[in-house]
Amino acid sequence: MQEGTVGREQSGWAFELRTLRREPQLLLAIVLVFALFGVFIIYPFVKLLLVPSAADWQHAVTGRIFIEAFEHTIFSSLLATTMAMILGFIYAYAMNYTDIPGKRFFQIVALLPTMAPSIVSGLAFIMLFGRRGFITYHWLGLHTDLYGWFGLWVVQTIAFFPLAYITISGVLKSISPNLELAAQNLGARGFYLFRTVTLRLATPGLASAFLLVGINSLADFGNPMLVGANYHVLATEAYAQVVGAWDLPMGATLSVFLVIPTLLVFFVQRYYLEKHSYVTVTGKPVAGMQRVTVSPLVRWLLFAFCVLICAVILLIIGIVCLFAFTRTFGYDYTFTMEYFIEGVLQSASMKNSWIASICTAAITTILGIALAFLTLRRRFPGRTVMDFLAMLPVSLPGTFIGLALIMAFNQGPLALTGTLAIIIIGMTLRQLPVGYRQAVAGLSQIEKSMEQASTNLGANSFVTFYKVIVPMLKNALSISLVYSFMKSMNTLSTVIFLISPEWNLASINIMSLADQGFLAVASATAVGMMLTIFVTFGLAKLFLRDQINIFDL
Amino acid sequence: MADIVMELRHIQKFFGSSQVIHDVSFQVKKGDFVTLLGPSGCGKTTILRMIAGFYEPDSGEIELAGRRIERVAPYDRNTAMVFQEYALFPHMNVFENVAYGLRVRHEGSDSVKKKVGEALALMQLNGLESRYPNQMSGGQQQRVAVARALVMNPDVLLLDEPLSNLDAKLRESVRVELRAIQQQMGLTTIYVTHDQQEALSMSDSIIVMKQGVLHQQGRPEEIYFAPKTPFVADFIGTTNLLPIEGNGSCQVVYGSDPLLADTICSVGTGVLSVRPESVRLSRTADAADRVNVLTARVTHSMFLGEKRRYFLQDRQGREWLADLYDPGIAIFNGDVYMQFAADRSHAIVGQEPG
Ligand SMILES: Nc1ncnc2c1ncn2[C@@H]1O[C@H](COP(=O)(O)OP(=O)(O)O)[C@@H](O)[C@H]1O
Ligand SMILES: [Mg+2]
């Protein structure tokens with residue numbers, strides 16, 4: 001009976017399995033999760049890898065167009081990411097290190113674009129600077145063509161600025177003001193303080209943020225589609241191959257090429273940077289202290305900068321609204337609801353988007369918390385694999401996910417093509433890492449003794465989960481619900497291959513309308529999208545009251 | 001024996017490859033208040049958690065109420081625990097917190113109400129039913145944590161330093177109260193602390209541990225007056241430890257001085273423990289018939305209110321402590337005689353001073 005006489009703690013698969021056997025329900029749940037991951041992550045991606053033939057691979061590697069698309073993708077996303085990071089950093093620095101007036105306003109405005117599809121910046125760009133752009137053509141009478149890499153650079157910079165700002169702000173917030181106070185106390189100030197303490201402490205977090213923004217811009221589909229013109233990137237080229245040339249294998253090949261850099265970035269971020277970080281991006285902000293480390297001149301420069309950024313954001317949203325509600329902006333300024341009625345009220349796509357996004361938000365949130373509970377608080381074989389699979393989709397471009405899903409579930413016992421289900425699956429895969437991350441961050445802040453107390457009083461894992469864990473994670477749960485709902489409403493790349501005539505979505509409508517030149521209806525749909533998101537949050541707040549924290553994220 | 005409700009047999013526990021519990025065995029009688037006492041990091045919490053089921057012993061057996069439990073899931077053990085940091089559920093009010101375990105068991109709502117009411121009354125928490133943990137003081141939270149455990153009527157109640165977050169005054173009153181409730185309910189209790197005062201004043205039985213090794217189990221008086229190892233002697237209260245050599249009679253030799261000790265009548269070397277309060281001081285060697293007289297020099301002394309503590313050095317250069325109660329204002333200094341009664345010293349055979 002004395003099996004453990006060896007001089008070590010019991011561990012390993014056998015031990016963990018034996019412990020699990022005591023709780024069959026838990027074992028069942030774990031098996032179920034792995035089954036789901038197997039069917040909806042591993043199987044589709046293996047399938048996608050198997051579609052292209054050797055000739056396709058060879059063709060892709062040697063074909064000039066494809067090499068070019070690859071170079072474009074890397075080049076444009078490097079440009080956009082760098083620019084968005086610089087702007088985001090300055091903005092975040094102004095928010096966290098100065099007492100400039102109107103900070104609350106600046107913070108809200110910077111978040112506004114996250115409520116709209118990222119192609120809204122592309123849409124606004126076309127309307128302002130396009131071939132018939134309001135500013136370039138109508139005002140200045142120019143016949144310029146800003147489409148191509150330059151336009152894409154501008155548009156993506158604006159599109160990814162909010163993400164950069166939010167992430168960097170999180171990094172800066174988690175730097176303890178005490179360290180800066182200590183440095184100031186030792187005589188450091190101004191740029192010296194910034195360079196030797198703030199920047200040094202923030203560097204790993206900034207690198208993480210850079211990679212996160214990088215993954216998103218690499219995978220961006222809508223903006224290159226709208227303003228890239230002949231400047232093809234991998235995401236749009238894959239789409240063109242599948243939809244234009246009906247060459248599914250080539251589309252698959254290209255999307256695999258797109259995955260290579262994003263996966264690389266993912267591994268660097270997850271297994272290198274996170275381990276070398278002085279501060280955690282998700283760390284609790286240190287309460288209460290106002291950091292003021294800049295001179296008056298710098299303060300006013302920063303203020304001017306924030307005003308400028310806000311002006312651009314408001315200009316974008318403003319121009320979209322104006323196009324949506326005037327007969328022909330630039331020529332005929334009569335107010336009209338016509339486009340709004342056509343694009344939003346008469347179109348089923350908004351309703352479809354809403355249904356799919358609500359379902360996705362619910363599934364993602366619940367699944368995210370359950371996964372976090374399992375990987376963080378239960379020991380079982382394959383725990384790190386589960387953690388990896390839950391985070392993996394962060395690195396997968398939406399077009400890749402979409403393509404893999406249609407190839408995997410086109411026929412056979414699980415023929416899902418053309419259904420709402422496949423759309424929800426795609427969205428859920430895309431959003432799962434967000435829900436999971438939020439839950440992990442929330443759960444790590446809850447004392448283990450809470451669950452132990454529950455277990456000690458007779459509750460098994462399931463009872464403990466829904467009676468103790470879920471209620472205590474209210475905040476993480478709210479954030480995850482809000483985020484995945486918003487993101488799912490707005491996503492384009494993930495669902496571009498998944499929609500069907502029966503289940504068309506609003507975000508796709510915006511893009512195709514804009515692409516075909518129906519800018520007014522496209523704008524009206526975008527406005528309708530933002531309104532739908534707002535109204536949904538409002539209703540949620542009304543019904544759930546204190547059960548959810550939507551507006552103080 | 002019929003009245004043994006819990007027994008640990010040869011428990012070992014490793015964290016990674018470092019062993020934190022070394023072959024610990026002990027028995028607990030039904031209705032006893034047993035204290036695990038030892039310095040921080042000695043493995044008290046680990047033992048408690050193995051009983052509760054949060055850790056699994058790497059070898060050894062745990063029996064509770066006639067059942068082997070070392071492999072039983074923690075929620076099936078009926079070992080209600082009071083956590084050091086209370087671990088009250090922040091999203092539940094007092095009533096819901098205390099009712100939690102009963103509701104998990106699916107007890108009827110009338111029975112839940114009744115039992116929770118009783119537990120709250122016992123812990124003097126009436127009227128606070130709808131408060132949330134963050135609306136209560138530390139002392140009140142602590143009471144709720146105890147009520148939540150008591151209401152389960154566990155086979156054994158586990159308490160992990162439950163008083164360590166309270167201030168000194170409160171700690172003393174809660175100590176008395178807790179003991180009274182425990183005796184009133186006849187609840188078998190394992191209590192973890194590093195505070196010897198707490199252990200001595202509350203326990204039926206004390207288990208002294210050091211670095212994962214059980215040094216001694218016994219009644220408070222046994223532990224205090226008859227420590228089995230120098231560590232126990234030193235850890236419980238304060239003591240003077242002298243290396244001694246036996247000479248076949250009931251006399252031992254300390255250096256060249258013969259000493260008389262009741263507890264040692266065998267040959268061998270060991271350690272003699274003499275409590276500071278047993279040492280008497282005098283300026284003159286008036287009573288030649290007295291035994292156990294040593295000369296020493298006072299190095300300094302310290303006024304502590306009810307007593308004065310003297311720091312002395314004997315002829316062999318060893319430091320001594322002597323406590324003089326009801327000291328008055330006269331102070332010894334310079335060369336003095338130290339003396340202690342034969343029945344006030346305790347020999348620990350075959351040990352080196354700790
Ligand atoms: N989860 C753990 N992992 C590794 N070592 C641990 C763990 N818990 C406790 N220890 C170590 O085991 C020893 C005993 O700890 P513990 O039982 O908490 O002591 P006590 O409660 O007596 O202060 C300590 O040296 C501690 O560092
Ligand atoms: Mg402890």
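Visitor: How many residues of chain B are in contact with chain A, and how many of chain A with chain B?
Guide: In this predicted model, 36 residues of chain B touch 31 residues of chain A.

Visitor: How much area do the two chains bury between them?
Guide: About 2900 Å², with 55% of it on carbon and sulfur atoms.

Visitor: Which three residues supply more of chain B's share than any other three?
Guide: B:Arg71, B:Tyr75 and B:Tyr100. Together they supply 24% of the area that chain B buries against chain A.

Visitor: How many salt bridges cross the interface of chain B and chain A?
Guide: The rule finds two. One salt bridge between these chains joins the side chains of B:Glu56 and A:Arg18, at 2.5 Å, N to O.

Visitor: And how many residue pairs in polar contact?
Guide: Nine between chain B and chain A, counting pairs with both residues at pLDDT 80 or more.

Visitor: Which elements of chain B give two or more residues to the side that touches chain A?
Guide: β1, α1, β4 and α2 (94–104) of chain B. α2(B) gives the most, with four residues.

Visitor: How do the residues on that side of chain B divide into nonpolar, polar and charged?
Guide: There are 20 nonpolar, seven polar and nine charged residues on the side of chain B that touches chain A.

Visitor: Back to salt bridges. What is the count over all chains?
Guide: By this rule, 24. Within chain A, A:Arg379 and A:Glu16 meet through their side chains at 4.0 Å, N to O.

Visitor: Where do A:Arg379 and A:Glu16 lie?
Guide: A:Arg379 is in the loop between α16 (348–377) and α17 (383–391) of chain A, and A:Glu16 is in helix α1 (residues 12–21) of chain A. The pair therefore ties together parts that are 363 residues apart in sequence.

Visitor: Now sheets. What is the strand order in the open sheet of four strands in chain B?
Guide: The order is β2-β1-β4-β5 (chain B), and the pairing is antiparallel. β2 (18–29) and β5 (67–68) of chain B are at the edges with a single partner strand each, so one side of each has no neighbour in the sheet.

Visitor: Which strands of that sheet does helix α1 of chain B touch?
Guide: Helix α1 (residues 44–52) of chain B packs on the sheet and touches β1 (4–15), β2 and β4 of chain B. The direction of this helix makes about 115° with that of β1(B).

Visitor: How many bridges join β4 and β5 of chain B?
Guide: Two, in the antiparallel sense, with β4(B) covering residues 59–64. B:Glu63 has B:Arg68 in β5(B) as its bridge partner.

Visitor: And the sheet of five strands in chain B: what order?
Guide: β13-β12-β11-β14-β20 (chain B), an open sheet with antiparallel pairing. β13 (257–260) and β20 (345–349) of chain B are the edge strands; each has a single partner strand, so one side of each is without a neighbour in the sheet. Neighbouring strands here are turned by 40° against each other on average, direction ignored.

Visitor: How many bridges between β12 and β13 of chain B?
Guide: Four, antiparallel, with β12(B) spanning residues 251–254. B:Tyr254 is bridged to B:Asp257 in β13(B).

Visitor: What pairs with β19 of chain B?
Guide: Among its partners, β15 (residues 280–282) of chain B pairs with β19 (residues 334–339) of chain B over three antiparallel bridges. B:Leu281 has B:Met338 as bridge partner there. Strand β16 (residues 293–303) of chain B also pairs with β19(B) in the antiparallel sense, over six bridges.

Note on methods:
Residues are numbered from 1 along each chain as its sequence is written. Chains are lettered from A and ligands numbered from 1 in the order in which they are written. This is a predicted model: local features need pLDDT of at least 70, side-chain atom pairs count only at pLDDT 80 or more; totals for chains, interfaces and linings use all residues. Side-chain values use heavy atoms; hydrogens and water are left out. Two strands pair if DSSP finds at least two bridges between them. Contact means heavy atoms within 4.5 Å. Axes are lines fitted to C-alpha atoms, for helices over the stretch in contact, and angles run from 0 to 180 degrees between N-to-C directions. Buried area is the accessible area (1.4 Å probe) that two parts lose on being put together, summed over both. A polar contact is a pair of N or O atoms within 3.5 Å; within protein, one must be able to donate a hydrogen and the other to accept it, and residues adjacent in sequence count only if both atoms are side-chain atoms. Ala, Val, Leu, Ile, Met, Phe, Trp, Tyr, Cys and Pro count as nonpolar, Asp, Glu, Lys and Arg as charged, and the others, Gly among them, as polar.
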